[in-house]
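The sequence and the coordinates are shown first, and the description follows.

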Amino acid sequence: MNTLLYTDGYKIDHRRQYPEKTTLVYSNWTPRKSRIEGVEDVVFFGLQYFIKRYIIEDFKNNFFNQPKDEVCKRYSRRINNYLGENSVGIDHIKALHDLGYIPMVFKALPEGVSVPIRVPMFTMYNTLPEFFWLTNYFETLLSTTVWLPCNSATIAKQYRIILDKYAAETSSTPELVDWQGHDFSMRGMAGLEAALMSSAGHLLSFTGTDTIPTIDFLETYYNADSDKELVGGSVAATEHSVMCMGTNTGEQDTFERLITETYPKGIVSIVSDTWDLWKVLTEYLPNLKEQVLSRDGKVVIRPDSGDPVKIICGNPEGKTSEEKKGVIELLWDIFGGKTNDKGYKELDSHIGAIYGDSITLERANEICKQLKAKGFASTNVVLGIGSFTYQYNTRDTFGFAMKATYGEVDGEGREIYKDPITDDGTKKSAKGLLKITLEDGIYKLNDQVSWEEEKKGELREVFRDGALLIDEKLSDIRTRVKNSIAAMQS
C-alpha cells in the first residue's frame, strides 16, 4: 500500500486549504492530560520505531522504490474512488517521488525520559518549502503508532515504582523485581504490532515477557542484542489444557511428572486452579514436598482465577482456613523458608508463586501492602501483567496530540495556536516555535521563541531529510527509565 495513504481521509486535501504561499508547518507531539491518578509525567518511547519503520523503511519499499507511474496511478484511483472526482491533484506526489526522501526534521527528547504533562516530547517540520503539507499529513500515522508505547512504558514504570518500593522495604533480593512484573498481554492486544509496541514499553522496566517477537522488535529497531544482554525472557510453564489432559483425578500425578520427569531442574510454572487450588496447596504439594525440595530449581504455583489480592494474601472473611491464609502463607506452612535481615519471611528457594489475571496498579500495590502486613517479603510473588493493564487505555489516557504551533507564509512567520472557548483548557496548545529546557531535572516548555533559541535546549535532531541521525540503544533507554525512578525515590 502507498504509505501516503496511511492517513485520515480529511488530511488528503489540506495542502490546498493552507493559505497561498505557505512554505513551512511546524508541529509538536505532547501529552496534554493524565487520566491515571498520581501520574503527572509520561515516558517517551516509540518515535525511533516510527521513523525507522515508516518514514524510512515503508516509504523506501512501498513508495520511492516503486515505479512513479504505478504509485501515482494507484494513489489517484484510491482518492478518486474515495472522495469522488476532485482537484486534489497528483503533481505533489510526483514531486515527492522524484525527490527520493522525506524532507522533514524530527527533533526529540531522549527516549526513555519522563516528560511532564503539557511538555512536548518532539517537534517536526518540513525542510523544503513545497512540501509544507507533509508535516501534519503524518499526524494520523504518527499518532496511531506512538501513543501506545508511551502509554505502556509509563504504566510499566508505575508498576516498577510500586514493586521497587516494597522490595526495598521487605526483601533481601530486590534484583528479583526485574522479573516480578511479567508481560502476559500479547493475546489481548489489538493486533501484533500493538502487542510488540506495548511489550517493548514494558521491557523498559522489566525483563520478563511471554511476547517472544518483542525481542526481535527491540533488536531490529532499538539495537538490542539478545546474545550479549538480557532483552527479555521467561520460564517453562503449563496451561489449563495440559492440566485437564492429565484429568482431575490424576492432577497430583501430573504435578509429579512435571517436576520430576519433564523438568527435573530449573524453573517451571504450573497452573494450579484448573479445579481446586486449595486442594493443590493442602494435599498435592504436601505429598510432593520431598520432590520439590530436592529439585535443582523452583516450582512456581500459578493461580489465575478470583480476586488476586485475596487469593495471594488471604481473605479474612473466607469460609475456610485456606482461604483466610492465602497462597503465600500456605506455601510457607508447607515449605518454610527464612526470615531476612529486614524481618520479613521469604519462601524456600525451591517454591514460589505467580498470579497473572486481572492485575492492576491498585491490586499490585495492595498485594505488596498486605504481604508486608503479614510479615512476608513482596518478592515472594511474581505478577503477570496483561492486556487488562495495557489494552484498557487509549490515546486519551494521557491526552496525546500533535498540533501545529508555527508556520511561514510568503516568507513571514506566524505563531499559531488553538484555545477552544468551550474546552476546559486541555486542548489549549503552545504557541510559536518551541524550546525545551531541563531545570532541576524537570523538562519545561518555552514557547514563542526565536529560531535561534529553538535550535538550543534539550530537543535533539534525530532525523533530517531521509537520514536517521540518532540511533538509540535499548540499554541506554532502560538506564534513563531506571535513573528516573531512582531520582523519584531519592
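Predicted model: local features only at pLDDT ≥ 70, side-chain atom pairs only at ≥ 80, totals over all residues.

Which helices each supply at least two residues of the lining of the second largest pocket? They are α6 and α19.

The volume of the second largest pocket is about 440 Å³. Its lining comprises 19 residues, and those closest to the pocket centre are Arg-160, Asp-178, Ser-205, Arg-478 and Lys-482. Helix α19 gives the most to this lining, with 8 residues.

Sorted by class, the lining of the second largest pocket consists of 7 nonpolar, 5 polar and 7 charged residues.

## Packing of α6 against α19

Two packed helices are described by the angle between their axes and the distance between the axes. Helix α6 spans residues 139-170 and helix α19 spans residues 474-489; they pack at an angle of about 50 degrees, and their axes are 11 Å apart. The two helices are therefore oblique to each other. The crossing in which α6 passes α19 is right-handed.

On the α6 side, the contact is made by Lys-157, Arg-160, Ile-161, Asp-164 and Lys-165, while α19 contributes Val-481, Ser-484, Ile-485, Met-488 and Gln-489. By class, this contact has 4 nonpolar, 2 polar and 4 charged residues. Arg-160 belongs to the α6 side of the contact and is also among the residues closest to the centre of the second largest pocket.

## Packing of α6 against α8

Helix α6 also packs with helix α8, which covers residues 192-202: the axes come within 7 Å and cross at roughly 35 degrees. This crossing is right-handed. From α6, the contact involves Thr-144, Thr-145, Leu-148, Pro-149, Ser-152, Ala-153 and Ala-156; from α8, it involves Ala-194, Met-197, Ser-198, Gly-201 and His-202.

Which classes of residue make up the contact of α6 with α8? There are 6 nonpolar and 6 polar residues, and no charged ones. The contact of α6 with α19, by comparison, includes 4 charged residues.

## Packing of α11 against α12

A further helix pair is formed by α11 (residues 251-262) and α12 (residues 277-287), which pack at an angle of about 45 degrees with their axes 10 Å apart. These helices are therefore oblique to each other, and α11 passes α12 in a right-handed crossing.

Glu-251, Gln-252 and Phe-255 of α11 meet Val-280, Glu-283, Tyr-284, Leu-285 and Asn-287 of α12 in this contact. The residues involved divide into 4 nonpolar, 2 polar and 2 charged.

## The largest pocket

Rolling a probe the size of a water molecule over the atoms shows where empty space is left. The largest pocket holds about 1,300 Å³ of space. It is lined by 46 residues, of which His-182, Phe-184, Ser-269, Ile-354 and Val-382 are the closest to its centre.

Several elements each supply at least two residues of this lining: the helices α7 (177-180) and α17 (387-390), together with the strands β10 (299-302), β12 (345-347), β13 (351-355) and β14 (381-385). The largest share, 4 residues, comes from β13. By class, the lining of the largest pocket has 16 nonpolar, 20 polar and 10 charged residues.

## Cavities

Over the whole structure, the search finds 3 cavities of 30 Å³ or more. The largest cavity contains about 70 Å³ of space. Of its 13 lining residues, Gln-48, Ala-108, Glu-111, Val-462 and Glu-472 lie nearest the centre. Helix α2 (47-64) and strand β19 (460-464) each supply at least two residues of the lining, and α2 gives the most, with 3 residues. The lining of the largest cavity has 9 nonpolar, 1 polar and 3 charged residues.

The second largest cavity contains about 50 Å³ of space. Lys-11, Ile-12, His-14, Arg-15, Tyr-18, Trp-133, Asn-136 and Tyr-137 line this cavity. At least two of the lining residues come from each of α1 (14-17) and α5 (134-137). By class, this lining has 4 nonpolar, 2 polar and 2 charged residues.

Definitions and conventions: Residues numbered from 1 in each chain as written. Heavy atoms only, no water. Axes fitted to C-alpha atoms, helices over the stretch in contact; angles between N-to-C directions. Parallel < 35°, antiparallel > 145°, perpendicular 65-115°, else oblique. Left-handed = near helix turned anticlockwise from the far one by under 90°. Contact = heavy atoms within 4.5 Å. Nonpolar A, V, L, I, M, F, W, Y, C, P; charged D, E, K, R; others polar. 1 Å grid on protein atoms, 1.4 Å probe; cavity = no way out; pocket = protein on both sides within 12 Å on 5 of 7 lines; lining within 4 Å. Points joined across faces, edges and corners; volume = space filled by probe spheres on them.
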